[in-house]
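Good morning, and thank you for coming.

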Protein chains: 2
Amino acid sequence: MYGAQSLVRTLVDSGVEVTFANPGTSEMHLVTAIDTTPGMRAVLGLFEGVVTGMADGYARIAEKPAATLLHLGPGLANGLANLHNARRASSPVVNIVGDHATHHLQLDAPLTSDIVGFARPVSGWVHTATHQLSVGSDAARAVQAARQHPGQIATLILPADVAWTEGGVPAPPLPVAGAAPFDAGRVSAVADAVRAGRRVGILMRGEALKQRGLTAAGRVATAGDVRLMADTFSPRIQKGAGRVQVTRLPYFAEQLVEYLADLEVLVIVGTKPPVTFFAYPGKPSWGAAEHTEIIHLALAHQDTVGALEALAETLGVASAAPVVADLRIDDTVGDKFDGWAIGRAIARHLPEGAIIADEGGTSGGGAQASLATCVPHDQISLTGGSIGQGLPVATGAAVAAPDRKVVCLHGDGGAMYTVQALWTQARERLDVTTVIFANRSYAILNIELQRTGAGVPGAKARAMLDLSDPTIDWVQIARGMGVEAVRAETPESFEAAFSSAMRQRGPRLIEARL
Amino acid sequence: MYGAQSLVRTLVDSGVEVTFANPGTSEMHLVTAIDTTPGMRAVLGLFEGVVTGMADGYARIAEKPAATLLHLGPGLANGLANLHNARRASSPVVNIVGDHATHHLQLDAPLTSDIVGFARPVSGWVHTATHQLSVGSDAARAVQAARQHPGQIATLILPADVAWTEGGVPAPPLPVAGAAPFDAGRVSAVADAVRAGRRVGILMRGEALKQRGLTAAGRVATAGDVRLMADTFSPRIQKGAGRVQVTRLPYFAEQLVEYLADLEVLVIVGTKPPVTFFAYPGKPSWGAAEHTEIIHLALAHQDTVGALEALAETLGVASAAPVVADLRIDDTVGDKFDGWAIGRAIARHLPEGAIIADEGGTSGGGAQASLATCVPHDQISLTGGSIGQGLPVATGAAVAAPDRKVVCLHGDGGAMYTVQALWTQARERLDVTTVIFANRSYAILNIELQRTGAGVPGAKARAMLDLSDPTIDWVQIARGMGVEAVRAETPESFEAAFSSAMRQRGPRLIEARL
């Protein structure tokens, strides 16, 4: 058993079932190790940003890490932006990066680079394997690190000679520390605030936004003047009819500040106090009002769901029926073809248990509104703000949940970044329907140009935000990568295309030409 | 004048004429600064790997830096792989990366990351601007650093508040240090070796591979037993009829070692002693034989051309007529449609002064052979081994030389990485013809899998190297991005498509289905 085999064997023994891969020469022994190790599936991505984004999407749905396989520093570099997003999602990822053989490094061959330097900004744990005897235990430690609650990127760098040398020893799985206990004192403090009739907002993220946490939060809300909120971009949120609804924080600074202005107490659960996405001249970056008291009920590494349940218990509402969303479907087709019409159509046809991967950007608001009261589903969002995550994250989610329909809502600007994900969807016959909001511009930037006070744009500025020359033909691009595609230019044609996609299996793309 | 305007004004005054851009909200004032500053052209790329690759291609042909405009750490991250390639090409690049406003950084908003950490592995110079008064001089220093001979990446990080605050002061250009003088003692040592009749190989890179350096090297070769050689992947080399020919070093370890085995003296000019691209179990990584004496005639930062001319002078051959390539065109069409047939067809129709951007990989050998004796042209190659450089580098070269035909030879695997470059070619009406060698696999890896001794591949391993399911339809993808495209499946149809493309202007793509 050579080093790479002990690594892959250890990954499998530690519960890692999938490797999202884009290998090169220095990873050939990892390729054959995956080949010869039962229980490890390989999914090829044609660009590393697709590979790392798939690992993120997989982790959010599977609730455990996949591995990546990346080729040296440049391969890692291509995957960094989506690792940044995965880091912001607290997604567990075991990031395996090949390196030159140790004796080759000193020669500074063309592909040599500072891999640790590239890895550090996105990784909670970084290690370079040094010997075939210990690479198995390195792999076990990487899985342990990735799974450390609430999840992080663990990067293991594997020199080619460590991979190819005989004498590898698989390691047994290491214990994984779950969430740290919550602090009972914080529970009392929040309970006191609710009982006192203060206006309380509870801002949640992570586990708290899944069924159990939502139910507990909904019970708490029955005990006083309590508003339930989620970060603008949550890693995962369970939504739809029958579930406790939470309000997504507004994106823009003024709206955020206004929305939070009346809160007397802001309770933070598994996240941080809200700040604006960007700074603007003369505008606040901090969301909460000065007078608002902030209480951290539970930090991200703590047991957020337990804290919410204890809070409900303390308030005497542990068995209360929370207010949940009714199933409410809007039958309006309408004349105007926009994000709202698209959102209504999606809500009408989405199957229960679907996964929505949302990178809809400026066009996504309509879908957000309509989906709140449609069938129960999961939503996974762009957590780190680095566009080009939606297609890969949808692809990875489909690998994690082959029996669930995945719908990816994507702005056209961002979708170009990692468009190669469509090919993997076709290759793996994944059940993903992609909706491209084709407005032919970086629409958010046209808004932000005004908001930042950068002045009236002239021709050169407008051209830097415009995607209309030439117009991108998403139908041809998708077909070029083996994905069936159709263009919709009216509410009716979109509805026909989307309902058809929901009734079939396999990858589809709908270009919504706005 | 706000900070960003003083930055852009300074770039223009320092001779920077083009910014390859993919901006975001934090760079809106850079966008309007470019907009309002005459003399600065903006070229939009729909992915940052395209942006940085274009800057590299531009620099290789324009022989001066372009600027980039990248959005925060993730935008930089997406551009790192092609900055790695640019670093290996010693291409001057002024890499401008926006950051959050300084007061916003502490809030750890979603897009916050360690930008300096991302930048350091590829940058010769990194600086974060701190004030609107000094950002002009920061920009002048960045250009100075980028142009430091033989060229490097200078990364200037611009916080949004420094960009938007009034009070910017443009700075005058700073002096740029040219090449350091060569060492006369090294010239004598090489001259002695040549005069002594020793078997000498001269390995060149950089300026030495352009007309003047080649002529000097060719004269030296008339004075003894001298073989002229170039690195396997040179940033730029002037080739074709009427020029001194140099032999490209073989890629694979055994062939490299064999090719160099008989040299008594290896003379290094502007490069380093050859090493293999990758390490292989039980195979050498060092190219030269143990008995071979290595003399560094001139290092990369020294005057390599002056050293070659002094060597010719010392040897008394400063006016000798060097052996140059004859114009020799092979009229064979042949029955087999492969890289050799394609190479012959290209050589028959290439216009004089064309630029060949070569990322042909395993299919590129035929073109290399045929082009050696066709019309004079420039060739720019994949210097850092990170695939996905060819399309962007061709695009940037076409921006630098609007009157020259650019031909990009690209493997299909690598072309998928930065396929978005086609859109920029269409938008800017660039005169680039792309030839995709569509062999539907990572062909090099099928070879390397054997060579690394990683064993007989099973189904999972083969699938990780295979691009045939689904087959990528390059014609549809290109058309989807606004580029005229055609498929060729025979030598005749390729020749018809290529000759047609050479007679017209504007972007074209030919999928050579091998």
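Not counting residues up to four places away in sequence, Asp56(A) touches Asn82(A), Asn85(A), Ala86(A), Ala89(A), Ser91(A), Val93(A), Val393(A) and Gly396(A). Two residues are in contact here if their C-beta atoms, placed from the backbone, lie within 7 Å. This is a predicted model, in which local features need pLDDT of at least 70 and side-chain atom pairs count only at pLDDT 80 or more, while totals for chains, interfaces and linings use all residues. Residues are numbered from 1 along each chain as its sequence is written, and chains are lettered from A and ligands numbered from 1 in the order in which they are written.

Asp56(A) has its place in helix α3 of chain A, residues 48–62. Helices (H or I, at least four residues) and strands (E, at least two) are DSSP runs, numbered from the N terminus. Is Asp56(A) buried or exposed? Asp56(A) is buried, with 32 other C-beta atoms within 10 Å. The term buried requires 20 or more other C-beta atoms within 10 Å of the residue's own; exposed means 12 or fewer, and partly exposed lies in between, with C-beta atoms placed from the backbone. Gln476(A) is 420 residues from Asp56(A) in sequence, and the two are 28 Å apart in space, C-alpha to C-alpha.

Let us turn to a second residue of chain A. Ser14(A) lies in the loop between α1 (3–13) and β1 (18–21) of that chain. Ser14(A) is buried, with 25 other C-beta atoms within 10 Å. Leaving aside neighbours within four places in sequence, its contacts are Ala140(A), Val143(A) and Pro173(A). Ser14(A) and Pro173(A) are 159 residues apart along the chain, yet their C-alpha atoms are separated by 4.7 Å.

Now to the helices. Helix α21 of chain A, residues 491–503, has 13 residues and reaches 18 Å from its first C-alpha to its last, close to the 18 Å expected at 1.5 Å a residue. That expected span is 1.5 Å times one less than the number of residues. Which residues of α21(A) are buried? They are Pro491(A), Phe494(A), Ala497(A), Phe498(A) and Ala501(A). Seen down the axis of α21(A), these buried residues fall within an arc of 135 degrees, so they line one face of the helix; the arc is that of the directions from the helix axis to the C-beta atoms. The elements covering them include α13 (339–349), β16 (432–438), β17 (484–488) and β18 (508–513) of chain A.

In chain B, helix α15 covers residues 390–400, and eleven of its eleven residues are buried, so this helix is largely enclosed by the rest of the structure. Among the buried residues of α15(B) are Gly390(B), Pro392(B), Thr395(B) and Ala400(B).

Strand β8 of chain B, residues 226–230, has four of its five residues buried, so it too is largely enclosed by the rest of the structure. Strand β7 of chain B (residues 200–204) pairs with β8(B) in the parallel sense over five bridges; strands pair if DSSP finds at least two bridges between them. Val200(B) stands opposite Val226(B) in β8(B). Together with helix α10 of chain B (residues 211–221), β7(B) and β8(B) make a right-handed β-α-β unit. Right-handed means that, with the strands pointing away from the viewer, the path from the first strand over the helix to the second runs clockwise. β8(B) is also joined by two bridges to strand β10 of chain B (residues 247–248), and the two run parallel. There, Ala230(B) stands opposite Arg248(B) in β10(B).

A word on the backbone. Most residues other than glycine have a negative phi, and most peptide bonds are trans. The peptide bond from His149(A) to Pro150(A), however, is cis, with omega near 5 degrees. Pro150(A) lies in the loop between α7 (135–147) and β6 (153–159) of chain A. In chain B, the bond from Asp469(B) to Pro470(B) is cis, with omega near 0 degrees. As for phi, Asp108(A) has a positive value, near 55 degrees, and is partly exposed, with 13 other C-beta atoms within 10 Å.

Finally, how are the two chains related? A rotation of 180 degrees with 0.0 Å of shift along its axis superposes chain B on chain A, with an RMSD of 0.0 Å. The two copies are thus related as by a two-fold rotation axis. Copies are superposed by least squares on the C-alpha atoms of residues with pLDDT of at least 70 in both. The same surface serves both copies, for 100% of the contact residues of chain B recur in chain A.
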